[in-house]
Amino acid sequence: MTINEIQNEIIEEFLVYDDWMDKYEYIIDYAKSLPVIDVNKKTPQNLINGCQSKVWLDAELKEGKLSFTADSDAIITKGVVALLVRVFNMQSAKDILTADLFFIEKIGLSQNLSPTRANGLLSMIKRIKSYALAFDSLEK
Amino acid sequence: MQKSIEEIRKDFPILNQKIYGKPLVYFDNGATSQKPLCVIDTENEIYKTINSNIHRGVHFLSGEMTNAYEKARQTIQNFINAQLSEEIIFTKGATDSINLVAFSFGEAFVNEGDEIIVTEMEHHANIVPWQMLCLRKKAKLKVLPIDEIGELKINELENLISERTKLLAFAHTSNVLGTINPVKKIIKKAHSKNVKVLVDGSQAILHSSVDVQDLDADFYVFSGHKMYAPTGTGILYGKKEILCQMPPYQGGGDMVDVVSFQETTYAELPFKFEAGTSNFVGSVALARAAEYIKEIGFELITTRENGLLIYATHELKQIKGLKIFGESQKKSSIISFLVDNIHAYDMGLMLDKMGIAVRTGSHCAQPLMQRLGIDGTVRASLAFYNTPEEVDLLVNGVKRIVKLFH
């Protein structure tokens with residue numbers, strides 16, 4: 001599936017929820033599907049710094065695609081990372097770099113994008129893109 | 001005649017709104033309080049009528065504005081019972097006040113090998129400026145610990161103080177634990193060893209009456225925005241004899257006497273410490289907030305807030321796995337808690353969607369979090385305009401979230 005197809009799929013899944021608690025319940029449940037980062041990869045380098053919750057994110061190159069593992073000590077954050085990983089996992093560096101992320105706003109999570117939330121989605125997306133950039137330049 | 005809760009809530013228009021379709025429950029007063037209409041109106045009115053730069057203006061408006069500003073100084077003087085109006089310095093907030101003292105007191109009195117004492121429960125604003133001073137002067141920062149219920153281990157103070165100790169800085173009320181420290185007793189102990197004292201009154205000034213002369217504080221600081229006044233306003237109270245010996249903090253207009261390229265002489269107190277055009281409009285509104293607090297009356301404020309604290313504590317404690325951090329008998333209406341291993345951030349996000357504003361995280365007190373062995377807490381800080389019904393909404397919200405996790 002392409003990045004956009006996956007995003008549309010997520011948007012559709014969220015359509016059934018109009019109550020925020022239901023959305024969170026879904027996100028909490030979805031957190032369980034996150035490919036969890038190896039304990040010894042929970043290094044300071046893989047930690048996305050912030051004051052609210054901790055997020056670790058790692059990427060590897062598999063068959064020319066990026067494979068992500070991650071974790072967080074807060075469950076909602078973990079669920080949100082899981083959604084991001086679902087969108088970007090096993091995509092090419094080029095596709096990740098040029099991706100337009102529209103599902104976040106569509107499912108109503110954009111308030112978590114505020115730049116002051118250091119641990120928010122923005123820094124996770126930045127980290128994902130910087131992995132893509134690094135692997136992209138490796139390939140060249 | 002005391003105001004009813006309905007009347008009080010009418011004073012704060014922001015409270016009467018819905019967010020996410022639910023009535024707003026504002027329990028983040030420890031971070032910043034809401035503003036009553038009279039304070040908002042004061043600022044508006046000034047900009048519509050007498051706004052003009054203070055001091056030295058020869059024209060009518062400047063005179064009017066200067067009078068209002070200096071009257072505001074007297075209002076704050078009376079509010080905290082300072083002996084002299086020049087002991088009241090207008091600042092940008094408590095952080096600004098502490099930085100001023102850390103710099104200027106430091107320049108005058110702190111030398112290599114000297115010591116500053118802070119406590120384990122301090123806000124970063126009452127730690128970092130002292131750390132910076134210690135780095136600058138090669139002085140040493142010492143820390144007075146807390147005990148299991150979140151009270152200062154005052155008995156250890158005497159051993160901690162040495163002949164090199166120059167100043168003790170501590171919070172009147174903890175912004176995380178809610179503990180109200182026995183300020184007068186601590187100051188007496190410090191003074192008996194010739195140690196000057198700075199009290200951070202940010203979380204105390206709005207909850208009960210403060211008398212700086214009775215406390216015998218050398219410095220007492222607080223922010224306007226936490227006491228129903230505009231943001232960017234604050235107060236430094238300092239004893240005149242000490243302030244006089246301290247050099248200016250910042251240079252600029254208003255703080256000078258005569259300026260030439262060879263030499264500058266400084267203005268007298270309090271202007272020596274008020275460089276540049278200050279937030280004079282905000283400062284007048286700050287004085288209005290102090291008057292508002294007096295109109296409401298500390299008796300009503302304390303009664304209401306204590307009632308809310310006792311009720312909320314009791315109700316929250318019924319929730320299995322809920323732990324409250326800070327269980328001093330002398331507590332302000334601040335409740336920090338966690339439930340089992342539910343992350344504070346998760347709890348805060350979900351409460352928000354129920355219309356309940358709480359604060360989550362380390363509350364700018366990371367050393368205290370390290371002492372407690374946690375990353376952060378959920379903090380509900382209640383004000384006299386909050387209601388038991390709002391407490392019920394919080395308690396039910398927490399219960400609903402806990403259910404989701406089990």
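A crossing of two helices is left-handed if the near helix is turned anticlockwise from the far one by less than a right angle, and right-handed if clockwise. Helices here are DSSP runs of H or I with at least four residues, strands are runs of E with at least two, and both are numbered from the N terminus.

This is a predicted model, in which local features need pLDDT of at least 70, side-chain atom pairs count only at pLDDT 80 or more, and totals for chains, interfaces and linings use all residues. Residues are numbered from 1 along each chain as its sequence is written, while chains are lettered from A and ligands numbered from 1 in the order in which they are written.

**The two chains**

Chain A has six helices and three strands. Its elements run α-α-β-β-β-α-α-α-α along the sequence. The radius of gyration is taken over C-alpha atoms, and the globule rule is 2.2 Å times the number of residues to the power 0.38. Chain A has a radius of gyration of 14 Å, close to the 14 Å from the globule rule for 140 residues, so chain A is as compact as a globular protein of that length. Chain B holds 14 helices and 17 strands. For its 406 residues a compact globule would have a radius of gyration near 22 Å, and chain B agrees with 22 Å.

Two further terms are needed. A residue is buried if 20 or more other C-beta atoms lie within 10 Å of its own, exposed if 12 or fewer, and partly exposed in between, with C-beta atoms placed from the backbone. Two residues are in contact if their C-beta atoms, placed in that way, lie within 7 Å.

| Chain B | about 75 × 55 × 35 Å | 50% of 406 residues | 71% |

**Helix packing**

Two packed helices are described by the angle between their axes and the distance between the axes. Axes are lines fitted to C-alpha atoms, for helices over the stretch in contact, and angles run from 0 to 180 degrees between N-to-C directions. Angles under 35 degrees count as roughly parallel, over 145 as roughly antiparallel, 65 to 115 as roughly perpendicular and the rest as oblique.

In chain B, helix α3 (residues 60-79) and helix α10 (residues 280-296) have axes that come within 9 Å and cross at roughly 40 degrees. That makes α3(B) oblique to α10(B). Their crossing is left-handed. On the α3(B) side, the contact residues are B:Met65, B:Ala68, B:Tyr69, B:Ala72, B:Thr75, B:Ile76 and B:Phe79. On the α10(B) side they include B:Phe280, B:Val284 and B:Ala287. Ala, Val, Leu, Ile, Met, Phe, Trp, Tyr, Cys and Pro count as nonpolar, Asp, Glu, Lys and Arg as charged, and the others, Gly among them, as polar. This contact has 11 nonpolar, two polar and one charged residues.

In chain A, helix α2 (residues 20-30) packs on helix α3 (residues 75-88) at about 75 degrees, with axes 7 Å apart. The two are therefore roughly perpendicular to each other. A:Tyr24, A:Ile27, A:Ile28 and A:Tyr30 of α2(A) meet residues of α3(A) that include A:Ile76 and A:Leu83. The contact divides into nine nonpolar, one polar and no charged residues.

**Between the chains**

The contact takes 11 residues from chain B and 13 residues from chain A. On the chain B side, α12 (344-353) and β16 (359-361) are the elements giving two or more residues. Of these, α12(B) gives the most, with five residues. The chain B side divides into five nonpolar, four polar and two charged residues.

**Loop residues**

B:Asp218 sits in the loop between α8 (212-215) and β9 (219-223) of chain B. B:Asp218 is buried, with 24 other C-beta atoms within 10 Å. Its C-alpha is 5.5 Å from that of B:Lys239, 21 residues away in sequence.

A:Glu63 lies in the loop between β2 and β3 of chain A. A:Glu63 is not a glycine, yet has a positive phi of about 50 degrees. A:Glu63 counts as exposed, with 6 C-beta neighbours inside 10 Å.

B:Asp254 is not a glycine either, and has a positive phi of about 75 degrees. B:Asp254 is partly exposed, with 17 other C-beta atoms within 10 Å.

The peptide bond from B:Leu269 to B:Pro270 is cis, with omega near 0 degrees. B:Pro270 lies in the loop between β12 (264-266) and α10 of chain B.
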